[in-house]
Amino acid sequence: MKNSPTVEEQLEMLRRMVAVRHLEERLGELHKAGKTRGPIHRCDGQEAIGIGATAMLDDEDLLTSTHRGHAHYVGKGVGMHPIVAEILGRATGACAGRAGHMLIADMQKGLLGGNAIVGGGIPAATGFAVSLQMKNRADGGQRVAMCIFGDGAAQTGICHESMNIAALWKLPVVFVLEHNQYGLTAHHSTQSSVPDLSIRAAGYGMPSEIVDGNDVIAVHRAVGAAVERARRGEGPSLVEAKTYRMVGFSTSDVGGYQKDEDLAIWRERDPIVLARAMLADSIPAGRLDEIVAEARAEVDAAVEQALNDPLPTFTDHAPSAPYTIAGA
Amino acid sequence: MSGEITLAGGAGEYMESATVVSWSAKLGDPVKAGEVVVVVETAKAATEIEAERDGILAEILAPEGAEVGIGAVLGRIADSLPASAPQAVTMVEAAFPAPATLEMPAIVVSGEVGRRISISPLARRLARQAGLDPAGLTGSGPGGRIKSRDVERALRERAPVPAVASAAARPLSSASTDSAAPLVLIHGFGANAAAWNTLRPHLDGGRQVLTAELPGHGRTAALSKPSLDGLAETVLAQIEESGATECDLVGHSLGGAVAAVLSGNLSVRVRSLTLIAPAGLGPEIDGAFLAGFLAARTPEGLQPWLDRLVGDAATLPRGYAQAVLRERERFGVGAAQADVAQTLFPDSTQTIRIAGDLERFSGPLKVLWGRSDRIIPQAHQNELPGHVACHSLEGVGHMPHVEAGALVARLVMQCVRSAAVA
Amino acid sequence: MAMMRYAEALRAALREEMQRDPSVWLMGEDIAVYGGVFKVSKDLMEEFGPERVRDTPISEQTLTAMAVTAAMAGTRPVLEIMYADFLPLSVDALMNQASIYNYIWNGQVTMPFVLRTQGGGGAGAGAQHSKSLDALVAHIPGIKVVAPATAADAKGLLKAAIRDDHPVVFLEHKLLYNTRDEVPDGDHLVEIGKARIARAGTDVSIIASSKMVIDALKAADELAKEGVSAEVVDLRTLRPLDRDTIRASIAKTHHAVVVNEGWRFCGYAAELSATIMECCFDELDAPVERVATHDIPIPYSEPLESTVLPDAAKIAAAARRALA
C-alpha cells in the first residue's frame, strides 16, 4: 500500500515508541521523587501518532508541537539526552534549562517547538509554511511544515483562521489532529458540536482523513500522503488520528473523570502492543525483545547522565540581546 | 490620623490641579471633623474640603490663590499650635551650619508638629553641597516646597563673596546652546565661584555661563605655581574642558588680571573682556587688607577687613566672615592664598602687569571700577589705553558685581554683544 | 533631501528594503490591491507581485503568530495591523510567542519581523479606532517598539526595523500620515534605541513620542512666549528606552513633563516617570508631571474627544506646574 513503512522503518518506529513510553514512566517516577519541576504532561497510549506522523519528515521540515510533545520530540529526531536533561532543568538540556518539558525546540532537527498555549502551534506552523513556500519556489525545494495539535486546540479561533489561510494560500502544511478525547478534564463531547472534527476541513476546501491513531502504520500512511501532497505544492491537509489519553492531563491531575471501561478498551489497543504484533510475522520475538531492551536502556542512560549534569547559572541573554534595555 | 488636609480625587476624577479659593478657618482655630476647612476650585467647580479630625488648624501650607496638584497637602490639623508659627520657620543657624550638619538626612524634622520639610531632590542636593540647613529655607514651590531657586536665593542673600564651600554646585556650566561661546566668570583673590551668585540672575539667560575657580580657592587647595601665568593656565584648562573654542571673559580683581593674560591665548579665542577693578594696572594695593584678611582667625578679627571690600558695609551679609573662615579650615586654602599674596602682592605692592595684554587685545574691552574702592585705587583706570571703555560706579567699593549686580550685568552684556556684532 | 509625507516616507522605506532584500514581504488587510487603508503600501503589489505583497483575511491573531514563525523560518515579513486598537488580538503572539523564543530556546532562533500599526485619537474614529496602546506592547520583553514623529524618522526607523533580527512593533499615528518634512535621500537609517532632541531648551524637558512630539513643540512655542525655554525630547524608540538622552536633558533642565497619548494609569508615561525617578532623582527640582489620556474610552464627539486627549495646552500647563 502507498506510503506504507518498510519493515526497517516499522522497527525504528517501534523502538521510538518504546523509548517514549519508558521516558514517560521514568518521568513519572522522577516527578514523584521530586526531581522534576512543574507539571509533566505524559502521552502514554498516544505514541503512535507522534512517532508515525513524523517518521517521513526531514530536518528541514518544521514541526510544531504541543504541551504533550515527548513523542513529537523523539519522532523529529531530537536526542534522548538533551530532552531528558532539559526536563530535569540541566545546563546540558536542549535549551540549556530555559524551556522545560513543554517548550523544547531543536533548530537543527526542525522542531520549533513545544507550545503550551493550546492552539499556539497551529498558526505557528502556518507561518512556517509561508516562508517555506517562498523558499521552495525560489530554490525548487519541497519543505513542509507540520502541526500536531489536540482536540482541545481544534476549538480555538486561531485554528479556524489558520486553516482558512493555509487553504487559501495553498501552503505546504499538514495538520495532524491528535484526538485523545480530552481537553484537560473535559470530554470532547462537551466541547465540540461534532464528534469527527475533520469534517471541518471541508469548510476550507481541504482534504481530510480519519485514522486509527493507535495504529502507527495507519498514521504513517495517512500523514505520509498528506506530506507528499504538501511537497507537491497542492496545499494543506488534515489528518484526524483518534486515540485516547491513558493518563491524567498532567502529573497534577487527580483523575476520576475517565471511565474504567474506556481505559480497559483502550489498554487492549495499546499502540506498542499493536505495533509489535504487526511485526511478529516478519521479525523473530528475540530480536523485538532486544529492540525494546535497547530503547529502554537508552532512556535509562540518558536519565542517569542528566541527573549528574550541572544545573545552569543565570546569565543575561547576550548572544542577540533583544531583552536588554539600553542604559538600564 | 495624620491630620493632613489633602487635595484628593474628590474634586473631580480628571482634575490635575486646583486653586485654593479660601480657608474657612484661621491658624489656631479649632476645627471639627466633617467641618469645611478649605475651598478649592478646579476647572469645573468649587469643592469644599472637610476636616478629617478634630483639632486646631496648625498649618496652612497652600495659601489662598495657590495652585496645587492632586494629592498636595494643603494644611495640617494638630492638637495644639506649634511653638513657632510654621510660616515663619525659624532660621536656626540657617546660613552656615557646623560642618557636621552637612551630612544631615534628606528628611528633616523640626518643631513640635514633626513637620516633614518639602524640598526637591535637586534643592536638597544643592543645599547639602552649600552647607545650608533646609529647615532654614523658605520654599516658593507648590505647597511650600523648597526648590533650587530658593537655595540659590539664600546663597545670594547670605554669602555673596567667598560663599561656603562651593556654591558652584553646577561648577562649570549653566545653560543654553544659543551660543557656542560661553561667558566665563573669573573671581578675585580670596573668593570663589559663588562670588558671582548675585550677578548671574541678571545675565542674559540664553548665554552659557562658566564660573571658573582659581587654584588655591574654593574647594581647590592645590596650587602648582603661585604665578599669574600659573593661575591663567588652570582657568584655561577649565574652559578647554567645556569644549568651547571661543568665549567672553569677565574677571574681578585678581581674576581680572587672569582674564587679561588669557585674552591673548591661542587655544580658546577670547571675543571680549570685561574687567572689574582688575589687578595689574599699578603698584598700589591695600597691603593691610591682605595681611589682615589672611591673618584673621576669628569672625570678629576678620569682619573689619571684609568691611573694607564694599562701599557700604551694610551690603555685606551676616555670616560672611564665618563662611570665609570655614572654607579655609575645611579645604585648607589659607596657605595657598598666603602663597599667592606673597608672590603677586608682596609688601603692599602689585608685581603683576597687564597693560601689555590689554594693549594687544583688539576686541571689545571694558573696565569697571567703584569710586569707593579701598583695595585697589580707582586711579589705576587712568593708566588704561584709549581703546578701553571705562565705567566709574558711584557709591560702589571693590565689589561692583556684588554691590551693583544689575548694572554690572548690563555692562557685561553690552560688551559681549558688541563682540558678537564685530 | 526631499519633502515627503510621512506615509510616503514609509512607502519609500518598504520599497527600498524590498528591492534590497528579496526575503522581505508584506501582509495585511487591504494592503495589496487597495494599497492599504492609509495608502502606505500603494503600488507595491504592482511592483513586487502578490506573493510579496499579500492581502489577508481578517485574522489578526493568526497573522501575527504567522509573522513570528515565518520570520523564524528565513523570511522577513512586515505585517500591517490596520488599527492599534486591534493589537490586543496580536498580544498572544507577541507576548507568548515572539517574546519568548529567542530566550527560552537559548538563542537558536531569531525573528526578524515588523508589525506596523497606527493608533491615536483626534480623528473622531471612536472608542475602537482611536487608542494608543504603546504600553501594551512596550511592556513585553524581547519586543522593540518604535514610534516616529517625523517623515524622516518614519523612513529611517522602518528601514532599520526591517533589518533588525528581532521583533519590532512599529507604531504610526493616523494624524501624522499627511504631515510633511524633509527626508534624507538614499539609504537613510535611524538607529533603534536613540532619542533625539527635537528642540533644545534649558528650563523644562518635555519627553514625548509620535504625534505628542508635535504637540510638545507647539507647547514649547507657547512657553517661549512666557520666557520659558522648553526642551523637547523625541524618544523615537519606546523600547529599548534611551535613558542617556533623558538623563542628559533632565540634568540640564531639572524639570520633566512626560507625555504619552495612551491611558494615564499604568501607561507609558508612568514608565517614563519611574525611569526618571530611577536615573535622575537628584536632578529633579519638582515632581515629574505626567500628561496622558483620561482613563476612559475615547468618546466620539469632538468636544468630548478633545477633552480626554492630551494636547499642546495641557502639555504647556504641565510644564508650568513643574516650574511653579
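Me: Which residue follows α1(A), and is its phi positive or negative?
Reply: Keep in mind that this is a predicted model. Walk off the end of α1(A) and you get to a residue with a phi near 75°. That phi is positive, and the residue is G34(A).

Me: How far apart are the end C-alpha atoms of helix α1 of chain A, and what should the helix span?
Reply: Helix α1 of chain A covers residues 7-32, which is 26 residues. The expected span is 1.5 Å times one less than the number of residues, so α1(A) should span 38 Å. The end C-alpha atoms agree with that, as they are 38 Å apart.

Me: At what angle do α1(A) and α10(A) cross, and what does that make them?
Reply: Helix α10 of chain A is residues 285-307, and its axis comes within 8 Å of the axis of α1(A). The two cross at roughly 45°. Under 35 degrees would count as roughly parallel and 65 to 115 as roughly perpendicular, so α1(A) is oblique to α10(A).

Me: Is that crossing of α1(A) and α10(A) left-handed or right-handed, and which classes of residue make the contact?
Reply: The crossing of α1(A) and α10(A) is right-handed. Residues making the contact include L11(A), L14(A) and V18(A) from α1(A), and I291(A), V292(A) and A295(A) from α10(A). By class, the contact of α1(A) with α10(A) has 5 charged, 1 polar and 10 nonpolar residues.

Me: Over in chain C, how are α7(C) and α11(C) set relative to each other?
Reply: Helix α7 is residues 211-225 and helix α11 is residues 312-323, and their axes come within 8 Å. They cross at roughly 55°, and the crossing is right-handed. α7(C) and α11(C) are therefore oblique.

Me: How many nonpolar residues does the contact of α7(C) with α11(C) have?
Reply: On the α7(C) side, A216(C), A219(C) and L223(C) are among the residues in the contact, and α11(C) brings A312(C), I315(C), A316(C) and A319(C). The contact also has 3 charged residues and no polar ones. The nonpolar count is 7.

Me: Where does the largest share of the side of chain A that touches chain C come from?
Reply: The contact takes 39 residues from chain A and 38 residues from chain C. On the chain A side, α5 (121-139) and α6 (157-168) each supply at least two residues. The largest share is 10 residues, and it comes from α5(A).

Terms used. Residues are numbered from 1 along each chain as its sequence is written. Chains are lettered from A and ligands numbered from 1 in the order in which they are written. This is a predicted model: local features need pLDDT of at least 70, side-chain atom pairs count only at pLDDT 80 or more; totals for chains, interfaces and linings use all residues. Axes are lines fitted to C-alpha atoms, for helices over the stretch in contact, and angles run from 0 to 180 degrees between N-to-C directions. Helices (H or I, at least four residues) and strands (E, at least two) are DSSP runs, numbered from the N terminus. Angles under 35 degrees count as roughly parallel, over 145 as roughly antiparallel, 65 to 115 as roughly perpendicular and the rest as oblique. A crossing is left-handed if the near helix is turned anticlockwise from the far one by less than a right angle, and right-handed if clockwise. Two residues are in contact if their C-beta atoms, placed from the backbone, lie within 7 Å. Ala, Val, Leu, Ile, Met, Phe, Trp, Tyr, Cys and Pro count as nonpolar, Asp, Glu, Lys and Arg as charged, and the others, Gly among them, as polar.
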